[in-house]
Amino acid sequence: MDKKKIIIFSVSFGNGHNQVSNVLHNHLKRKEFDVEVIDTFDVINKLFHKVVLESYLKLIRFRPSLWGKLYQYSEENPNSIFLKQFNAFLTNKLYRTLEEKKADTIITTHPIATTLLANVIRKRKVPVQLFALLTDFAVHPMSVHPEVHGYFIASEHLRYYAKLYKLDEQLFYPTGIPTLKENLLQISKKRLRKKLHLDDNKKTVLIAGGGVGLAKFTKILSGLEAFDEPLQIICVTGVNKRAMQKVKRHESKHQIRVLGFTNLFMEYLKASDVILTKAGGVTMSEALVCETPILIFQPLPGQEEQNSQFLMNYGAAIKAEVVEEIPILLERIVFNDHYHSIMTENAKKLKQPNAAKEITKIITTSAEKIQEMESSFGV
C-alpha cells in the first residue's frame, strides 16, 4: 500500500481533543501512514484562534450558563454557528490547507472542525474521506453531515443516534475514545501506589478539573473535612496555577498532594479509589479504562451534562448536586465495598481500552479498499 496522507483536525478547547489527536497520530504513524495533526483554528488565523479560545475559556469559567445556552443553540442550529459570519473566510483558508497537504483521509476530533471541513469538502468538491471522532458520550448534530464516511463513537449504546439522524447504523463504529495509556490495566493498583509513593493503607480520592483545572478545589476540600477518617487526596489542577497555589495553602487533616499538568494522570487515576471531577469526555473515558468509580460535581452545561447522564444511566458514575453531598456520596463509594465493586463492574462493561487501535484498523481497511479501487481503474 502506498503511503497515504492523513490529517487529524483538532480544536484547542481544553486539552482533551489535542490529546486524543496525538494518541491517534502515534498509532497511525506506526502503521506507516503519513500523519499530521493540525489545529483547525490555528490554520484559519492565529489571532482568530486566540480570540475564540480566550472567549471560550472565559465563558466556561465565569458564565457557564451562557455557554450552556450557546451549546443548546448549536444543537438546534448545527449548520449556522461560525458559518454565517465567517463562511467564505473559513472555507478558503481550510481549502488552501487541503490543497497544499493533499490528504487522502481527514479525521476530526471536534464537532466544529467536522462542520467546517464538511462544508469545505461539499463546496469545493474535495476528493477526500472524512471521519468524525466523537470525544463525548453523545453525538452532536454539528458532527453529522453527508460528507462524513464514518463516526467513531464512545460506546455501542450510542448507536441509537443513527436512527435519530436517519443514518445507516453501519456508519457508527463503537470504538471508544482513545486514551493515553491503553495498557494500564496490566498494572495493579498496589504496584502503581508504590510507584507513585502513595500510602496503600489510605482511601485515595483524585480531584481533577480537566486540563484547565476548573474544579472548585478548595470548596471541595473544605467539604471533605466532614470525613472522620483521614483520606489521601490528589488534586490535579492542570495549567491553573492559581488553583494550585490555593490548594497548597489549604489546611486539612487529610493528606493532600497537588499536581499541575502531568503525564502520569492515568497512573494516579488507576491508583485512586474514586475520581471526583466534572465530566469531560476524555477524562470519563480514562476513568472507565482504569475501572475507577466516578463522582461528578458541577459538570459544564451541554456536553458534560450529557456525559454525566450517560454514565449515571449505566451505573459507572453518580453526581453530587451540591458540595454538601460530596462527603456523603464519597463515603458510599470508598467505604462500602459492595457499592464500590458494582461501580467498578459497570465501568468494566463500558470501557473501551483499545480505541486508538480499533480506529487505526478501520482507517487501514478503508485505505486498502481505496487502493484496490484505484488499482482496478488504473489510477
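Which residue in S5 is the bridge partner of Leu 130? Val 148 is. The model is predicted: local features need pLDDT of at least 70, side-chain atom pairs count only at pLDDT 80 or more, and totals for chains, interfaces and linings use all residues. Residues are numbered from 1 along each chain as its sequence is written, and side-chain values use heavy atoms, without hydrogens and water.

**View 1. The open sheet holds six strands.** Their order is S2-S1-S3-S4-S5-S6, with parallel pairing. Strand S2 (34-39) and strand S6 (172-173) each have a single partner strand, so one side of each lacks a neighbour in the sheet. Strands are DSSP runs of E, at least two residues, and helices are runs of H or I, at least four, numbered from the N terminus. Two strands pair if DSSP finds at least two bridges between them.

**View 2. Strand S4 (residues 129-133) runs parallel to strand S5 (residues 148-152).** Four bridges join them.

**View 3. Strand S1 (residues 5-10) is largely enclosed by the rest of the structure, because six of its six residues are buried.** Buried means under 20% relative accessible area (1.4 Å probe, protein chains only). Lys 5, Ile 7 and Phe 9 point one way from S1; Ile 6, Ile 8 and Ser 10 point the other way.

**View 4. S1 pairs with S2 in the parallel sense over six bridges.** Lys 5 stands opposite Asp 34 in S2.

**View 5. Four bridges join S1 to strand S3 (residues 105-108).** The two run parallel.

Conventions:
Buried means under 20% relative accessible area, exposed over 50%, partly exposed in between (1.4 Å probe, protein chains only).
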